Amino acid sequence: MNENRVDKTNVVVYKPTKPIRKISEAVYYYLLSLVPKGRLVTWDGLRDFVSKKLGVNIEFETRLEDQLSNIGFFSKMKDNRYKEVSSVGNTGWDAKDKLEAEGFELSKSTKYLYKVKDFKKYLFDFDKETNVSAEDFERIDREGLACLKNFKNCIID
């Protein structure tokens, strides 16, 4: 028997995740409505901005009851979802035409994705370019999509 043998046992170390707060997707739509023509955002940028304001990690949550009771909102909504790109500047084919219409240069990235050229220089900085407060997020989260009717930039008039 080999006495120099090391006993290798697998030890599982449990590391609890940081607490995550789920907030209404209405906050997501509100933030996207603030992004002006010629600017872009990333999913992480949106989430990090709200997380920092609220002091807790967040995830946007679809609330079916809120959507169903405000179904008309989606037909009047200023849909800026095409302005969201991945952390490396990729976007889907469905956003390509709208982004090109705003003057962005795109190139084929994969079979189904396009990459926005120099996307980082177009990223919108919510900290520097808005004065949104944690109280605004709390109100929108509490009231849901109906609250966005009160914000001019969220609805096409």
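## A bridge between two strands

In this predicted model, residue K108 has Y114 of strand β7 as its bridge partner.

## The three-stranded sheet

Which strands make up the open sheet, and in what order do they stand? The sheet is formed by three strands in the order β5-β7-β6, and their pairing is antiparallel. Because β5 (90-92) and β6 (106-108) stand at the edges and each have a single partner strand, one side of each is left without a neighbour in the sheet. On average, and with direction ignored, neighbouring strands of this sheet are turned by 40° against each other.

A helix also belongs to this part of the picture: α5, made of residues 93-101, lies across β5, β6 and β7, and the helix runs at about 105° to β5.

## Two packed helices

Two packed helices are described by the angle between their axes and the distance between the axes. Here helix α2 (residues 43-54) packs with helix α7 (residues 134-143) at an angle of about 105°, while their axes are 9 Å apart. Angles of 65 to 115 degrees count as roughly perpendicular, and α2 and α7 are therefore roughly perpendicular to each other.

On the side of α2, the contact is made by F49, V50, K53 and L54, and on the side of α7 by A134, F137 and E138.

Methods:
Residues are numbered from 1 along each chain as its sequence is written. This is a predicted model: local features need pLDDT of at least 70, side-chain atom pairs count only at pLDDT 80 or more; totals for chains, interfaces and linings use all residues. Side-chain values use heavy atoms; hydrogens and water are left out. Two strands pair if DSSP finds at least two bridges between them. Helices (H or I, at least four residues) and strands (E, at least two) are DSSP runs, numbered from the N terminus. Axes are lines fitted to C-alpha atoms, for helices over the stretch in contact, and angles run from 0 to 180 degrees between N-to-C directions. Contact means heavy atoms within 4.5 Å. Angles under 35 degrees count as roughly parallel, over 145 as roughly antiparallel, 65 to 115 as roughly perpendicular and the rest as oblique.
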